[in-house]
Amino acid sequence: MKSKLLNSVAVMSVVASGAVFSSASTASADELTLCWAAWDPANALVELSKEFEAQSGHKMSFEFVPWPNFADRMLNELNSGGKLCDLLIGDSQWIGGAAENGQFVKLNDFFEKEGIKMDDFLPATVTGYAEWPKNTPNYYALPAYADVVGWTYRKDWFERPEIAQEFKEKYGRDLAVPATLEELQEVGEFFQGREIDGKTVYGAAIYTERGSEGITMGVTNVLYNYGFQYDNPDKPYELEGFVNSEGAIQGLELYKKLYETATPPGASDAYMSANIDAYKSGQVAMQMNFAFIWPGVEADPNVGGGKSGYFANPAGPAGQFAQLGGQGISVVANSDSKDAALEYIKWFAQEEVQQKWWDVGGASAMRSVVEAPGFADSQPFAQTFLDSMAIVKDFWAEPAYASLLLATQERVHNYVVAGQGTAKEALDGLVEDWNEIFEDEGKK
């Protein structure tokens, strides 16, 4: 199916009208370099971008960096004033620093001139990927790849009568998609060490990685739903009692319990690829991961083809939220080909291109695509994608986000994985760390 869709894109690039770029085709052609992470969606974008090349006359090159090195490589490029990237699909947390440091082109005038409306995109992705300051109409990116943390589960295991019966006898309820995080922990613990098809299996693969952002992108899915807030909604940068609220402490304790009672051996430093491997190899009943993995799960010969199901991050006592992933696409201010890069943004913002983006394995944030009749049935995971994107929250996008992130990684990993101290001590320490960072930034 994928190759057929890609072929259809190639055909469209030949027969599609070039009216959008009629003037560009007669102008001098530029070579544009688009920088992103090295993953399957990037490969899909290479194919899709052949249509832009055919219509515009510009030549596209790509610089894709493996995820573990992506942030360091690209932020170093921006901070050094490098000219490698004309277009950059950067993480949502970068937007504040790139905007305040003049590294991304502000796109408001361009959007107005070309009739590109941010109302046409999912509101959470506009706030998360494009705006700085947040919740103001100041745009430094176009939503490019909508992503969110969700869950994959072994539907075939859940539906086995003998497993379902044993679960009901133990917990007094049916074995089903967890409605709450406490239920999720119970399901994980139920599968832990169980033998299925002659193999010992485990409950859940969750994010525990310390070196970059992994455990933060995992634990927030629990903290949010137990009442954690980044600061006082009525007084920015007031952290005490919000970051370390009683609910947030309980949520952190639950994440540690999930780690201790439901994860496979050797899961002390796991992130996206480790969780994919654990799930596809049949080690775990459930997997926490970003939605970008779902097409690969569905196509996998071992766990795809109806063996897997998908569900949004379950609720907690304070509500139901999920950690936002994904990226916006920006024009790098230091580019020598900004006009051509803006042409690419204009092309990518077209509804028909956004529809093809979804079809070839991307994740459109355009409302007319994801809210279209039949979208929820377009893939087995499409409804879960919609449900998840409706409940997203994001980490700090402050210019100092990297320091904020490193402090979170250390405090949470030390408690959850290394077993140091209490949840209260971890979050109290995080308040101290963040206060110091914001004081250095002159924001307290």
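Start at Gly193: this residue follows helix H9 and has a positive phi, near 75 degrees. Helices here (H or I, at least four residues) and strands (E, at least two) are DSSP runs, numbered from the N terminus.

The model is predicted, so local features need pLDDT of at least 70 and side-chain atom pairs count only at pLDDT 80 or more, while totals for chains, interfaces and linings use all residues. Residues are numbered from 1 along each chain as its sequence is written, and side-chain values use heavy atoms, with hydrogens and water left out.

Next, select H9 itself, residues 181–191. Its buried residues include Leu181, Leu184, Val187, Phe190 and Phe191. Buried means under 20% relative accessible area, exposed over 50%, partly exposed in between (1.4 Å probe, protein chains only).

Zoom out. The protein has 19 helices and eleven strands. Of its 444 residues, 56% count as buried. Along the principal axes, the C-alpha atoms fill a box of roughly 70 × 55 × 35 Å.

Now select Glu100, Glu436, Glu439, Asp440 and Glu441. These residues gather in a patch of negative charge on the surface. Patch members have over 30% relative accessible area and no salt bridge, with like charges joined within 9 Å and nonpolar side chains (Val, Leu, Ile, Met, Phe, Trp, Tyr) within 5 Å. A salt bridge puts a side-chain nitrogen of Lys or Arg within 4 Å of a carboxyl oxygen of Asp or Glu.

Colour helix H19, residues 423–440. H19 gives the most to the negative patch, with three residues. Finish on Asp440, found in H19. Asp440 counts as exposed because its relative accessibility is 65%.

Terms used
Areas by Shrake-Rupley, 256 points an atom, 1.4 Å probe, with all protein chains shown as cover. Lys, Arg positive; Asp, Glu negative; His and termini not counted. Charge placed at Lys NZ, Arg CZ, Asp CG, Glu CD.
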